[in-house]
Amino acid sequence: MTKKILIATGVYPPESGGPATYTKLLEERLPALGFTVSVLPFSRVRHLPKLIRHAAYFFKCIRMARSADMVYALDTVSVGLPAAFAAKVLGKKFVVRVPGDYAWEQARQRFGVKDELDMFQTKKYGWRVGLLRRIQRFVVRGARTVVVPSEYMKNIVTGWGVQNISVIYSSIDLAADYIVPANRPEGFLVVSSGRRVPWKGFDGIERVVAKEKSWHLFIAGELPRAQALGWVKSADVFVLNSTYEGLSHALVEAMALGTPVVATAVGGNPELIEDKVDGLLVPPGDDNALYAAIKRVQEDRESALARAQSARAKTKQFSIDTAVSKLAELFKTI
């Protein structure tokens with residue numbers, strides 16, 4: 001019997017980012033494994049005023065979930081809370097994916113919190129952060145299963161009092177098309193990508209690249225995916241200077257493209273990169289270490305490419321077939 005799944009997602013193509021890509025892959029691949037998939041993007045209500053948009057999303061969830069067997073929410077608050085309530089009202093099975101700590105992300109961006117994720121888990125902040133924490137924990141504790149993208153995030157979510165956790169690494173399209181930029185600057189090109197959020201550390205990369213006149217930096221932020229991948233492919237080195245990552249789609253994509261990688265040793269990054277084997281890992285917030293690692297890539301190109309090939313071979317475990325098959329197996333047991 002075919003299972004019907006409603007995917008509640010905060011972002012969806014043409015919006016950019018790992019979650020949007022992930023959603024599209026599930027929509028395309030799960031039907032071949034015995035599922036009927038419908039998707040409810042938050043973009044359908046984003047034009048509405050705050051609070052009203054979440055209420056509207058809840059009612060849309062109610063309407064679409066009536067014919068579903070399961071609701072799969074791809075975040076814990078913006079779509080997770082209304083989806084959890086809709087599933088509860090209708091008596092549907094509810095599964096939530098936790099790609100990161102939403103309360104921490106909002107605390108960093110909106111409420112002046114400076115602490116990194118691990119420290120954040122042990123401290124108390126204002127009522128607004130406390131409310132987001134309570135919402136997030138209510139949602140995950142009410143799920144049949146919580147899906148996380150890395151062992152690092154499993155440890156974080158376990159600390160919220162959750163036991164039913166499944167680690168399923170994020171999947172990417174390893175054969176994705178890319179468009180090599182026609183305006184690539186001459187010289188040594190450093191590329192990074194991601195949203196302009198405080199923990200991405202773009203300012204550190206900018207300071208480091210400015211030390212060398214022959215170095216150039218391009219940050220592929222809001223570009224269409226094919227163009228962003230083209231910049232990563234054409235780079236001499238891809239740099240991920242985050243102080244936090246659950247499991248980085250951008251890093252996996254750089255590995256799959258065979259681009260030498262320098263990344264910070266935080267979050268899920270060490271699960272992807274073994275230092276000096278698949279790339280170079282540096283401490284977060286250390287401009288000197290970051291500069292030395294990038295310089296090493298420039299000066300020893302042969303070793304950098306050897307590490308890149310090792311990283312590329314490792315990405316087979318992040319193929320679409322592997323990740324989606326594991327998720328399908330999980331859904332069938334719920």
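In what sense do strand 4 and strand 5 pair, and over how many bridges? Strand 4, residues 93–97, and strand 5 pair in the parallel sense over three bridges. Two strands count as paired if DSSP finds at least two bridges between them. Strands are DSSP runs of E with at least two residues, helices are runs of H or I with at least four, and both are numbered from the N terminus.

A word on the source. This is a predicted model, in which local features need pLDDT of at least 70 and side-chain atom pairs count only at pLDDT 80 or more, while totals for chains, interfaces and linings use all residues. Residues are numbered from 1 along each chain as its sequence is written, and side-chain values use heavy atoms, with hydrogens and water left out.

Back to strand 5. R97 stands opposite V147 in strand 5. Strand 5 is also joined by three bridges to strand 6, residues 165–167, and these two run parallel. There, V146 has I165 in strand 6 as its bridge partner.

Strand 5 itself covers residues 145–148 and is covered on both faces. T145 and V147 on one side, and V146 and V148 on the other, are all buried, meaning under 20% relative accessible area with a 1.4 Å probe, protein chains only. In a regular strand the side chains alternate between the two faces of the sheet.

Next, the cores. A nonpolar core here is a set of buried Ala, Val, Leu, Ile, Met, Phe, Trp, Tyr and Cys residues joined through side-chain atoms within 4.5 Å. The largest one has 50 residues, and those with the most contacts inside it are Y57, F94, V96, V98, V146, M153 and V157. Helix 2, residues 52–65, gives the most to this core, with seven residues. A second, separate core of 25 residues includes V191, W231, L281 and F318.

What is the strand order in the open sheet of five strands? The order is 8-7-9-10-11, with parallel pairing. Strand 8 (215–220) and strand 11 (280–282) are the edge strands, each pairing on one side only. Within this sheet, strand 10, residues 261–264, pairs with strand 11 in the parallel sense over three bridges, and V262 stands opposite L280 in strand 11.

Last, helix 9, residues 225–234, lies across strand 7 (188–193), strand 8 and strand 9 (237–240). Helix 9 runs at about 140° to strand 7, with axes fitted to C-alpha atoms, for helices over the stretch in contact (heavy atoms within 4.5 Å), and angles taken from 0 to 180 degrees between N-to-C directions.
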